[in-house]
Amino acid sequence: MIFQFPEKFNPSVMPEGPTIVILKEAVQPFIGKEIRHAEGNTKNIDISNLQGLKIIDFKSWGKHFLICLPDYTIRVHFMMFGSYLINLRKSMPPRLSLQFSNGELNLYACSIIRIEESLNKIYDWSADVMNPHWDREKAIQKLKKHPAKLVCDALLDQHIFSGVGNIIKNEVLFRIRIHPESAVGLLPSAKLSELVDEAVKYSFQFLEWKKEFTLKKHWLAHNKTICPRDHVPFHKKKLGKTMRRSFFCPICQKLYDSQPINLFN
Ligand SMILES: [Zn+2]
């Protein structure tokens, strides 16, 4: 099903994987179309050469949006402040605007680069939580290789959980009752599996709720002040090496931070 943008749809800044999936669905009508006109202030690609090229496909890998052209790919990364509009424009100049006979795609404040290599060579599709090739076993193996990593950093590691951003991180950890500063290597194996599976499950829920414009309504922890389970204030801190905002409950989110005592040693 192609997602239809309402008249004044303005996606949030700092898109996470599901928001890029919505973009990919929304631009399907431009596949096979010729670029009639291209403009923008990106210096990383030669915009004057785009006119007349046909769109072969649109793909995504986590937070990367990929515009596949006959001989190369344009990679769009929305970073912290990037955004996109379809058939609408902002007053600010676009980084890249592609116009077709049936509409236009406008990209703002994003990073754009040209990729020459085959996408299968550079992208590990099995690391993308929303890709049909997602491999949960591989993700578990990758996590086991980084036992000292904090879960709040592990979830944001795009080589393990491509597409997961800060909202997904906070919601997943609250749902499975894990404190963000827990070390990956100290999680019991059932908890590790739960972490991996919930990252996927919540990403797809995020997608559905985002399409219904009810995403924020469903937040249980992200940007919230009180734990709905314990009715105590959430702690709000910038944690881990990634230093992104974490919202967590000191009561129901368990901290796995010390080695279990071996009674037989
Ligand atoms: Zn709680």
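Biologist: What should I know about the model first?
Modeller: The model is predicted, so local features need pLDDT of at least 70, side-chain atom pairs count only at pLDDT 80 or more, and totals for chains, interfaces and linings use all residues. Residues are numbered from 1 along each chain as its sequence is written, and side-chain values use heavy atoms, without hydrogens and water.

Biologist: What is the strand order in the open sheet?
Modeller: β1-β6-β7-β5, four strands with antiparallel pairing. Strands are DSSP runs of E, at least two residues, numbered from the N terminus. Pairing needs at least two DSSP bridges between two strands.

Biologist: Which strands are at the edges?
Modeller: β1 (37-39) and β5 (83-86), each pairing on one side only.

Biologist: And how many bridges join β6 and β7?
Modeller: Five, between residues 96-100 and residues 103-108. Phe100 has Gly103 in β7 as its bridge partner.

Biologist: Switching to charges. How many salt bridges are there?
Modeller: The count is 11. The rule is a side-chain nitrogen of Lys or Arg within 4 Å of a carboxyl oxygen of Asp or Glu.

Biologist: Where do Glu104 and Arg89 sit?
Modeller: Their side chains form a salt bridge at 2.6 Å, N to O. Glu104 is in strand β7 and Arg89 in the loop between β5 and β6, 15 residues apart.

Biologist: Is Glu104 buried or exposed?
Modeller: Buried, because its relative accessible area is 13%. Arg89 is exposed, at 55%. Buried means under 20%, exposed over 50%, partly exposed in between (1.4 Å probe, protein chains only).
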